[in-house]
Amino acid sequence: MLGYILRRVLATIPVMIIVAIFVFLLLRLTPGDPAAILAGDAATPAQLERIRDRLGLNDPLYVQFLTWAGQTLRGDFGTSLISNTPVSGMIASRLGPTINIAMMTIVISVLLAVPMGVIAAWRHRSWVDFLVMSFSVLGFSVPVFVIGYILIHIFAIDLRWVPVQGYKPLSDGLGPFLARAILPSLTLATIYVALIARMTRASMLEVLGEDYIRTARAKGVRENVVLFRHALRNAAVPILTIIGTGFALLISGVVVTESVFNIPGIGRLTVDAILARDYPVIQAMILLTAGIYVFVNLLVDISYSIFDPRIRY
Amino acid sequence: MPTLRPNIRGTRRLAAALLAGGALLAPAASFADTTITAVMHSSLRVLDPVITTAHITRDHAYMIYDVLTAVDENFQPQPQMADWTVSDDKLTYTFTLRDGLKFHDGAPVTATDVVASLERWGKRDSGGQMIFDVTASLTAADDKTVVWTLASPFPPLLNVISKQSALPPFIMPARIAATSPDETITEYVGSGPFVFNTDAYEPGVSATYDKFEDYVPRDEPPSWMAGGKVVNVDHVVWTTMPDNLTAINALANGEIDYIEQIQVDLKPILDASPDVTVEMRDPLGYVTIGRPNFLYPPFDNKKVRQAALLALSQEDVLATMMGSPEYYTICGAIFGCGTPLADETGSEPITSGAHPDEARALLEEAGYDGTPVVLMQPTDVVSLTNQPVVAAQALRNAGFNVDMQAMDWQSVVQRRAQQSPPDEGGWNLFFTNWMIPEISDPLINVMVNGRGDDAWFGWPDDPEIEALRSDFAQAPDDAARKAAASKIQAHVMDNVNYIHLGEYAMPQARRDVIDNMIQSPVPVFWNITKDGE
């Protein structure tokens, strides 16, 4: 197992190098000018040229790449072209809100979706199954911002139980943190509940038809034990995959939810940086996201062997 | 089969739990100090007011820096940090700093700081460059006296240094002002009414300003950027909300106090909120314009530009942009209606609606051969998305062959700087918006610069307008200035240096707990009071 983990970690190095080169070239081929954002609308072409020179944007591409790659290898993601602040600090301050919201979303989703999927499979083609599947279709179909605004209207504006927007870290206390994290997490959870419930149901349906389930039932094992100990454990591999990739997706793609609830997370940071062509921030964010995907996939692979003893590395 | 009975005890327990949860989750009700939380039109990212013309950076600078002189609501320069005298030959301006001026680090403001700040500013600002072109010397005669000596008179000097449009000359400590004008400063020490809280600053998220306890306001009542800047609150927090509806919900819920710009179509939500006032705090507003490229056909031909002016209609563009006539004005004055230089000479073709038949006839007369007009449409800026669509249709109605290309605003700003032909990555027409103070004067309005390659994007080589601008700069008094500006207005409308598409205004919204906000094109936070919290 240790050898496997080591091999997987080493395999990430060429992946990250390819991602870095690809992102760097892609950004430079995209039209857009950070100097124009810096200087404002009334700047003259001569002023823009001087700022580009100062930022090194007129250097040959290979010089720009080598400078950036050298910095990155030393663990320095450089300085934002627009705000002139260190990129690592910007990302660090934005990572907490996104990870916390993502974790809450996944916890809520798993707690709701796995039992829903199991019960839907158990009561295959019953009204319960129909209800779960209908909810799944709804969860996929309604855009997150619509759900977000509905939740805001009910819980923040009508009932006044929670604030409309903003983020407080856990260090400010559990109450303020939960007050602001619960609605965005619930909003995002609607998608992931649907996704995980469907996957759980499909996986369980497959497993429930296996011989060992029939044997267990014939031996008189209680139904809840059959479902949750025997069937679910064996149906877990695809469910874990969807949870893992779902978490990585949440980290990188919650920009709409972050805007609706005004959460200063990395989704917003990335989109802002792209709109401003703030190259160092975009490059660092894409490398980080790639790293998160690789790491989460590794964790998912490792967890397979825990849930399915037939898997050996 | 069991009968269904409501679980009274369980329901009560749930209700109690929810109530407790609600209490637990309720937002903190009060601050120890008075804090105004404001959502501004954009996030603050660049902190150097000399490096950028971005409005949000200028607004930030007015919070923490002070200016030597400032324009009042009558567009007249008034003393702010300094009083002045002008010699009889109009060649020597002597500024005397008032007592009690202190930087946020405790150091007194000296004439040396003023000289260094003006010199850095003068290397970036176009009006400043014109003054320094005729400057013989700028020196600190003593700690409190700045002497600015010119080689030849420059009558609008005070207007230029008092302006509130892009790049006002803010005064910084000399050690910071020594930074190259092409590099951003890294220390933000001013002598203005608020101190920038660098520890609380998160680029793109929030900026916090604390009251500067040692600031000594002037005695006069506030009037735009002039007069007494009396701060009545302890802190002002600018928070960025990318979604306007979120900001409006937060305002209605009492989580924030002020929104600088609200989308007009969302205003009905706030109209239903009893504790919120929607108002027009900016008395001037904005203009929207189209800029042709003078380097290539078809807009290198004056008659074709005139045909475009005839084809377009302010009413059509503004109605599509804003939705309600309450928020726009048909106005033919290129220096802005309501400004001292307002004049509508020659504007009838654009203010009286579209004239497709006349435009078509003029196009034929010009020998237009169907050369495509590459028109850039930004799709990611709400206030700039609709004009190109309306304009494209109006131009097509008149016989233009329009190639409208959709792209994000960043692609527009890069592409508009390209001088290559339109079919090789260049362009023919783009649109943008300005605040009225930014176009209210021929020395400020970059679109009336006719210096070819040195002019703003579009690069008109127009010696006639340069001569008229020079006449304006040399005009000895207001009447002469107005006459010179009127000639520039007539020339711009005839030559179509740009297409003035009318004026619009953005409403602001505030909770009623804050009051005494002064009317100003720049959102300022002095004079404001906050009650009940």
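**Close-ups of a predicted two-chain model**

**View 1. Helices α1 and α4 of chain A.** Here the axes of α1 (residues 2-29) and α4 (residues 61-73) of chain A come within 11 Å and cross at roughly 135°. Axes are lines fitted to C-alpha atoms, for helices over the stretch in contact, with angles from 0 to 180 degrees between N-to-C directions. Helices are DSSP runs (H or I, at least four residues; strands are E, at least two), numbered from the N terminus. That angle makes α1(A) oblique to α4(A) (under 35 degrees is roughly parallel, over 145 roughly antiparallel, 65 to 115 roughly perpendicular, the rest oblique). A:A20, A:I21, A:F24, A:L25 and A:R28 of α1(A) meet A:L61, A:Q64, A:F65 and A:W68 of α4(A); contact means heavy atoms within 4.5 Å. Sorted by class, that's seven nonpolar, one polar and one charged residues (nonpolar: Ala, Val, Leu, Ile, Met, Phe, Trp, Tyr, Cys and Pro; charged: Asp, Glu, Lys and Arg; polar: the others, Gly among them).

The model is predicted: local features need pLDDT of at least 70, side-chain atom pairs count only at pLDDT 80 or more, and totals for chains, interfaces and linings use all residues. Residues are numbered from 1 along each chain as its sequence is written, chains are lettered from A and ligands numbered from 1 in the order written, and side-chain values use heavy atoms, leaving out hydrogens and water.

**View 2. Helices α13 and α14 of chain A.** The axes of α13 (residues 266-276) and α14 (residues 279-307) of chain A come within 8 Å, crossing at roughly 140°. So α13(A) is oblique to α14(A). On the α13(A) side, A:I266, A:L269, A:T270, A:A273 and A:I274 make the contact, with A:V281, A:I282 and A:M285 on α14(A). The tally is seven nonpolar, one polar and no charged residues.

View 3. A:D41, A:R54 and A:W161 supply 15% of what chain A buries against chain B, more than any other three residues. Three salt bridges are counted between the chains (a side-chain nitrogen of Lys or Arg within 4 Å of a carboxyl oxygen of Asp or Glu). A:D272 pairs with B:R45 in a salt bridge, closest N and O atoms 2.9 Å apart.

**View 4. A salt bridge inside chain B.** B:D48 and B:R120 join side chains in a salt bridge at 2.7 Å, N to O. The partners sit 72 residues apart, B:D48 in the loop between β1 (35-39) and α2 (55-64), B:R120 in helix α3 (residues 111-122) of chain B.

Definitions and conventions
Buried area = accessible area lost by both parts, 1.4 Å probe.
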